[in-house]
Amino acid sequence: MNRALLRLSLACLAMFALLLININYVQAFESTSLAAEPGNARIFNQQFQYQRGSIVASGDHTGGGVKIAESRLVKGTSTYRRYYPFAQVFAPVTGYDSIYGATGIEAAQNKDLAGTDQRLAVHNLVGLLTGKPKLGASVYLTISAKAQQAAYQALQAQSRQDNGLPAAAVAIDPSTGAILALASYPTFNPNAYTTFSGKKLVKIDNQYRHEKSQPLLNRAINATYPPGSSFKIVTSATWLSGNASRSPQSPVLAPPALKLPNGNLLHNDAGEVCGNGNPQLILAFYVSCNTAFGNLGIKVGAAALHHQADLFGLNNSNLTIPMPVSASRYPLEPDPSLRALSAIGQLDDQVTPMQEAMFAATIANGGTLMTPYLVQNVQAPDLRNIQSASPTALSRPVSPQVASEIGQMMFQVTHNPGGTAAATANPQVAGVDISGKTGTAENGVNNAGLNDAVFTCFAPSSNPKIAVGVIVQGGGFGADAAAPIAVKIIKAYLGLP
Amino acid sequence: MTISSVFAAVRGSPERVSLPRGRRRTELLMLGFAVVVVLFAYANVGLGLNGKLPAGLVTYGLTFAVIVFAAHLAVRRLAPWADPLILPLAALLNGLGLVMIYRLQESGRDGNPGHPVTLMTTHTTAYQVIWSAAGVAAFVAVLAVIREPRILQRYTYTLGALGLVLLAIPAVIGTSINGAKVWLSIGGFSIQPGEFAKLALAVFFAGYLVAKRDVLSLAGRRVLGIDLPRARDLGPVLVVWAASLLILVFETDIGQSALFFGLFVAMIYIATQRTSWLLIGMILFLFGSYVASKLFGHVGQRITDWLHPFAGTNAANSAYQLVQGLEGMGFGGILGTGLGHGQPYFVPLVQSDFIITAFGEELGLTGLMAMLLIFGLIVQRGLRAAIAVRDPFAKLLAGGLSFVLALQVFIIVGGVTRLIPLTGITTPFLSQGGSSLVASWALIALLMRVSDTARRPAPQPIQDEGMTQVVRAG
């Protein structure tokens with residue numbers, strides 16, 4: 001019987017060998033395709049079983065800052081739930097992280113926050129071996145909590161005053177491109193998206209989606225508006241760069257009504273006169289004469305104006321901060337009559353509030369536009385920096401000379417008694433010298449819509465620390481609706497009373 | 001150490017007589033190791049789930065240690081020559097099963113503590129510890145009552161009848177749980193008499209085949225190169241087999257059917273050494289499977305699920321349990337999530353048939369391979385005892401029991417890992433449930449009894465001044 005027993009032993013060996021080969025197949029080779037199975041509950045739940053990294057607004061003091069998104073352990077479970085301590089305030093920045101997807105920084109930096117980035121692999125392996133819970137990396141943003149809160153509150157107050165009109169504001173450090181504030185109103189409460197119930201989530205999401213005020217739209221970077229007179233910065237830059245002999249003191253043609261080549265008349269706002277009809281450029285700039293800049297637009301030529309707009313950052317659909325920024329548009333306009341309109345920020349010109357901030361930032365930084373960015377650094381759970389921002393120039397729209405000249409003109413906008421923003425952004429109001437440019441953009445079919453209020457500025461004028469762009473949709477005069485918001489952001493950031 | 005080498009030692013150097021050793025101290029050491037592994041695993045569950053040592057570490061740990069230590073003491077008294085490896089291996093598996101059941105009890109349904117997994121309560125671990133104690137008690141009782149394997153031979157037909165009755169009971173008065181009518185409810189406890197029927201029938205097959213093996217292997221006609229036995233020799237065995245199959249089909253438990261069938265074929269092969277039996281068995285099995293898959297919807301469904309478990313090809317999602325188990329194992333990967341860090345509770349009834357997938361998820365491929373090797377080692381030690389023992393009945397019994405253990409592991413582990421179609425049977429020592437645990441311990445006791453018999457030194461002749469031979473009874 002022993003021979004049969006030996007054979008039976010071999011049969012047992014074969015059975016165990018088959019089992020071992022099979023589990024090797026399942027756990028070592030098939031695991032990838034199993035993970036990709038639709039409805040794999042473990043892969044789905046995985047994201048809530050460890051602590052996702054925090055998002056920190058560290059613009060006010062590098063290395064420290066305010067947590068604006070964090071994962072907290074749900075009491076009595078081993079599940080973490082996302083929490084946004086400031087609710088709506090930072091929503092355009094953080095976005096949300098839900099069981100069905102993420103937006104904003106939560107989506108753009110997901111690999112870091114989730115701890116799945118390759119650079120965290122070694123740390124995770126060590127953690128696995130030492131039994132430490134898996135943690136995501138923390139993302140430190142350039143956002144200044146003070147500036148962001150001021151921006152949100154100012155937008156909210158303005159909107160309440162204007163029957164809920166939407167608005168957005170962006171602030172940039174001109175010397176680096178670091179984004180200090182990125183606010184949009186109305187916005188959503190990201191905490192509403194952290195529910196674990198798919199049903200509830202879909203309901204909340206649908207509710208937000210169908211709201212007329214579009215709270216999920218990040219207007220600061222994903223909505224465009226006509227820039228209005230703020231585009232005169234670009235037109236001035238083109239003209240001043242065209243010839244070294246031109247300066248803000250050069251006289252320009254500025255009749256009350258400019259006869260365009262197609263026979264139409266271009267008027268100044270409310271038919272105002274512009275000096276003696278042949279004023280210095282600087283006067284035409286701070287009182288914002290349409291005829292002067294319409295004429296300059298015709299004179300500099302289509303290609304030059306279009307190229308200058310490109311250099312300021314328009315027509316760029318590849319900008320990411322790391323969220324993608326919608327392209328601001330300035331189409332090439334060969335028809336001189338139409339170009340006159342486009343040179344004063346009307347016609348087909350469309351810009352994001354981010355682009356408005358970039359206008360001022362370029363001038364404030366001596367003519368060099370720094371690439372805007374949000375992520376200052378990414379810190380692994382072991383406090384090692386795995387990514388640090390290094391500011392880079394995006395383009396050089398104007399020479400330092402021209403930048404300084406445009407700076408002088410923007411200074412007059414708020415300081416000269418005739419300046420468009422002299423009442424709302426003067427040093428007495430702001431407590432600091434602000435240089436800016438207003439825009440009041442006509443809107444809608446046959447300009448029937450409410451004017452959009454635009455303001456782009458930087459401060460302090462002599463040593464710029466912050467550049468701000470504000471657009472209040474349908475807000476009316478840029479100086480009245482948009483400028484006060486910019487002033488509040490600047491005051492908060494610079495710590496002024 | 002074989003008997004001839006003992007003599008060689010005695011003849012060669014009379015001064016250094018080395019007596020064969022029972023190696024009980026090795027067993028104790030290994031048992032201690034098994035207990036330590038289990039305690040570490042238990043502590044790990046608490047740390048993994050709550051970051052704290054589990055509350056019952058001392059009580060559960062001590063109870064488990066006392067239970068297995070009691071088994072060791074009993075072996076010292078009742079089977080001092082038995083293989084030292086079998087008990088620690090069984091204890092380790094039992095302990096790991098307790099740990100996993102505790103882990104599943106604590107995490108609860110879908111990871112919600114306080115909502116027990118279906119068919120589990122907050123006392124499941126405590127019950128399982130009690131069942132472990134009962135299992136070890138059965139282990140000791142078997143060793144105490146059956147001092148020699150041949151004692152069982154006297155009860156060949158009694159046990160055969162008992163086996164059939166045990167199989168038949170649930171079909172008549174049993175309760176159906178999850179499709180299989182193999183349970184018997186007695187005062188709140190569910191008992192699976194089939195688990196014990198397996199042991200009784202193994203004894204019956206061994207006794208019967210030992211008595212008839214010469215006839216079975218020699219008499220008969222040769223047809224197409226295959227030696228067929230005479231019908232009258234085969235009759236009783238076929239009757240028992242057909243009856244057990246009929247009953248099991250009636251109770252709709254295909255896994256147990258396959259198990260009994262495999263046991264029967266393996267034992268008749270050991271007894272007769274004739275390959276023809278394996279051939280006949282295989283043909284009968286394939287034919288039976290085919291008929292069953294056509295006759296019974298749920299059998300055919302199992303085969304469909306085996307071939308097409310995933311959502312892409314299985315629109316009805318009928319292989320949900322299987323897929324959940326596979327996804328769990330895949331999620332565990334090579335090193336596993338660690339005890340308490342996985343989500344094995346997504347597999348329906350994970351604590352019973354699918355418990356191996358929970359181990360696969362949390363201990364990974366590495367841990368699961370180790371556990372399969374532990375099963376393999378027990379089987380190997382059992383077969384070794386079967387080869388070493390001289391008594392043909394004991395040989396047949398140990399061979400059959402070892403094989404049935406291997407087959408059971410193969411059917412259930414192969415089923416849940418999609419090697420073969422899934423048929424629900426318990427995983428020995430690991431699954432929740434008392435019957436399987438007690439029966440497994442009784443099986444281990446029988447293997448150790450045979451091993452003890454095999455390794456016990458023969459009575460040694462003592463030379464007394466070259467004249468008188470005194471025989472000392474061993």
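## Contacts along chain A

Let's start with how chain A folds back on itself: among its contacts with a separation of 6 or more, 70% join residues 24 or more positions apart. Keep in mind that this is a predicted model.

Chain A is built from 19 helices and 17 strands. Its length is 497 residues, and 55% of them count as buried.

For a closer look, take β1 (residues 55-57) and β2 (residues 66-73) of chain A, which pair in the antiparallel sense over 3 bridges. Within this part of the sheet, A:A57 sits opposite A:V66 in β2(A). As background, strands of a sheet pair through backbone hydrogen bonds, either parallel or antiparallel.

## Where chain B touches chain A

The contact between the two chains draws 31 residues from chain A and 40 residues from chain B. On the chain B side, the elements giving two or more residues are α10 (254-272), α13 (320-332), α14 (355-388) and α15 (392-416) of chain B. The most comes from α14(B), with 11 residues.

What classes of residue make up the side of chain B that touches chain A? There are 26 nonpolar, 12 polar and 2 charged residues on that side.

Definitions and conventions. Residues are numbered from 1 along each chain as its sequence is written. Chains are lettered from A and ligands numbered from 1 in the order in which they are written. This is a predicted model: local features need pLDDT of at least 70, side-chain atom pairs count only at pLDDT 80 or more; totals for chains, interfaces and linings use all residues. Helices (H or I, at least four residues) and strands (E, at least two) are DSSP runs, numbered from the N terminus. A residue is buried if 20 or more other C-beta atoms lie within 10 Å of its own, exposed if 12 or fewer, and partly exposed in between; C-beta atoms are placed from the backbone. Two residues are in contact if their C-beta atoms, placed from the backbone, lie within 7 Å. Ala, Val, Leu, Ile, Met, Phe, Trp, Tyr, Cys and Pro count as nonpolar, Asp, Glu, Lys and Arg as charged, and the others, Gly among them, as polar. Two strands pair if DSSP finds at least two bridges between them.
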